[in-house]
Amino acid sequence: MSESTNALAHQFDDLEQQARSNTLGMWAFLATEVLFFGGLFTAYVVYRHAFPEAFAVGSKHMDVVAGTVNTAVLIASSLMMALAVQSAQLGLRRPLIMFLLLTMTLGAVFLGIKAWEYHHKYVENLVPGVNFVWEGPLRNQVQMLFLLYFIMTGTHALHMVIGICLLTYLVLGARRGRFSREYFFPVEIIGLYWHFVDLVWIFLFPLLYLIGLHL
Amino acid sequence: MTVHITPRRTYYLVFAVLMILTATTTGVAFIDMGPFNVVVALFIASIKAVLVVLFFMHVLHVTNLTKVFVAAGIVWLAILIALTLNDYLTRGWDPISRPF
């Protein structure tokens, strides 16, 4: 039995149909993810509109440098993922493994910087439900900003952790030679997920870090 | 099987543009433009998102049905935000509804 016959699940006519179905199914899942994060973004917009002064003073505690560096790190990891998918399409095993490992490394760097930021917020007593202390006025409204900050970036970070687990699965598969020019769709699909996580951050970054500079 | 393979040059070029846009959006954020800070920040983020979706996520070369699914995600997101704000932004416009 040839490799390509192995890769074809029995419900599909051929590999092309299987590939199209995989992509379509992944986009259906990503559409639900858009709405999942969309609810959080909507909550953010509503509360920013309701408490503009509190969001303005609270935003001064966001670390713009860390946010910008993390944006660059995540976009670089997306590039590595795109190159990994391309290597898989061309059937190049060694570059595939290398680019997957680079994607994971940059993802880990992102999470490291995020953890450092979280630690900084903890030291500054800005973690709602743990140690939130605010001497100035509008305490509850400012706390709402930080609650949204932690839920939004926390959910995003959780997606990154899941992404790194999926990439580990790909690396193990690639090492065993599971992927070929005919069968690379697991790489493509998980690549779509990784780029989606990047997309979420592309919007989180200006909303949480940048627009608070002038309010 | 026919697969469109994007050349590496394209990926590098898209990456370079994304980096330039990131630097631009951070730089512009330090200039006080009043309400336009939000507009510019979201406009640049949208350009970045479109680049990622079209090139990194290969939406330029997927089937039309997949494109419909991508568009559906965006349309439903727009409905979610538009109808929610339709409520919150108009509270207090008439004496019956209480301001939020």
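1. After helix H6 of chain A, A:Gly177 adopts a positive phi of about 70°. Helices here are DSSP runs of H or I of at least four residues, numbered from the N terminus. This is a predicted model, in which local features need pLDDT of at least 70, side-chain atom pairs count only at pLDDT 80 or more, and totals for chains, interfaces and linings use all residues. Residues are numbered from 1 along each chain as its sequence is written.

2. Helix H6 itself covers residues 139-175 of chain A; its 37 residues should span 54 Å at 1.5 Å a residue, and the 53 Å between its end C-alpha atoms agrees with this. The expected span is 1.5 Å times one less than the number of residues.

3. Helix H5 of chain A (residues 93-123) has 31 residues and reaches 45 Å from first to last C-alpha, close to the 45 Å expected. Just after H5(A), A:Asn125 takes a positive phi of about 60°.

4. Contact between the chains (heavy atoms within 4.5 Å) involves 55 residues from chain A and 50 residues from chain B. Chain A and chain B bury about 4,400 Å² between them, 81% of it on carbon and sulfur atoms; buried area is the accessible area (1.4 Å probe) lost on putting two parts together, summed over both.

5. Five residue pairs, both members at pLDDT 80 or more, are in polar contact between chain A and chain B. A polar contact is a pair of N or O atoms within 3.5 Å; within protein, one must be able to donate a hydrogen and the other to accept it, and residues adjacent in sequence count only if both atoms are side-chain atoms. On the side of chain A that touches chain B, H2 (15-50), H4 (64-89) and H7 (185-210) each supply at least two residues, and the largest share, 20 residues, comes from H2(A).

Key: Chains lettered and ligands numbered in written order. Heavy atoms only, no water.
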